[in-house]
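Dear colleague,

Here is the structure I promised to pass on, and my notes on it follow below. Please read them with the model open beside you.

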Amino acid sequence: MKRIGVTGHRSIPEEAHAHVLAGIRAVLCGLDGSLEALSSLAVGADQLFADLALACGAELTVVIPSGDYEACFADGPELARYRSLKGRAAREVRLDFPHSTDEAYYAAGAYIADHCDRLLAVWDGRPARGFGGTGDIVTYARTLGRPVTVIWRDGVERA
């Protein structure tokens with residue numbers, strides 16, 4: 001079984017959205033054989049990845065960073081989408097952090113990088129805005145020697 005993990009931005013500018021979807025779909029739906037997709041189901045890249053992975057027939061493994069993770073979703077629709085995707089997961093990994101902190105997010109990203117064969121990064125190439133952000137997880141995965149595929153539309157910057 002191939003294992004593909006994701007790290008990525010929570011906000012994807014509209015002008016990059018179609019490019020990101022096509023890039024994720026090309027990777028996930030272009031693989032032969034069984035596939036495990038690893039995601040923390042954060043808003044943005046993580047949820048797009050999970051949706052497409054399930055549509056491509058992958059088994060979804062969710063990595064929950066903390067005991068209070070659901071509290072980090074800003075509104076009802078965000079939380080409902082998270083719960084819906086989580087409910088479709090084949091496996092759930094819960095980390096031991098009681099609260100959603102930068103350290104918990106970093107640990108979840110590191111877990112995904114540690115347990116995948118390839119990491120997809122929906123990333124603008126810029127440094128992380130806080131500890132545990134996309135840039136930090138890409139750097140960590142690369143230190144492991146993990147192949148990283150960056151998906152982003154050239155010339156587009158996050159707000």
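I begin with L41, which is found in the loop between β2 and α2 (helices, H or I of at least four residues, and strands, E of at least two, are DSSP runs numbered from the N terminus). L41 has a positive phi of about 60° although it is not a glycine, and because its relative accessibility is 0%, L41 counts as buried (buried means under 20% relative accessible area, exposed over 50% and partly exposed in between, with a 1.4 Å probe and protein chains only).

Before going further, please note that this is a predicted model, in which local features need pLDDT of at least 70 and side-chain atom pairs count only at pLDDT 80 or more, whereas totals for chains, interfaces and linings use all residues. Residues are numbered from 1 along each chain as its sequence is written, and side-chain values use heavy atoms, with hydrogens and water left out.

Helix α2 is mostly covered, with nine of its eleven residues buried, among them D46, Q47 and F49. These buried residues pack against β1 (2-8), α1, β2, β3, α3 and β5 (118-122), where contact means heavy atoms within 4.5 Å. After α2 comes G57, whose phi is positive, near 90°.

Helix α1 (residues 14-29) packs on α2 (residues 45-55) at an angle of about 40°, with the axes 10 Å apart (axes are lines fitted to C-alpha atoms, for helices over the stretch in contact, and angles run from 0 to 180 degrees between N-to-C directions). The contact is made by H17, V20, L21, I24, R25 and L28 of α1 together with L48, F49, L52 and A53 of α2, and its residues divide into eight nonpolar, one polar and one charged (Ala, Val, Leu, Ile, Met, Phe, Trp, Tyr, Cys and Pro count as nonpolar, Asp, Glu, Lys and Arg as charged, and the others, Gly among them, as polar).

On its other pairing, α2 packs with helix α3 (residues 76-87) at an angle of about 35°, the axes being 11 Å apart. Here Q47, L48, A50, D51 and L54 in α2 meet E78, R81, Y82 and L85 in α3, a contact whose residues divide into five nonpolar, one polar and three charged.

Turning to the strands, β2 (residues 35-39) and β3 run parallel and are joined by four bridges (two strands pair if DSSP finds at least two bridges between them), and E36 stands opposite E59 in β3. Strand β3 (residues 59-66) is mostly covered, since seven of its eight residues are buried.

With best regards
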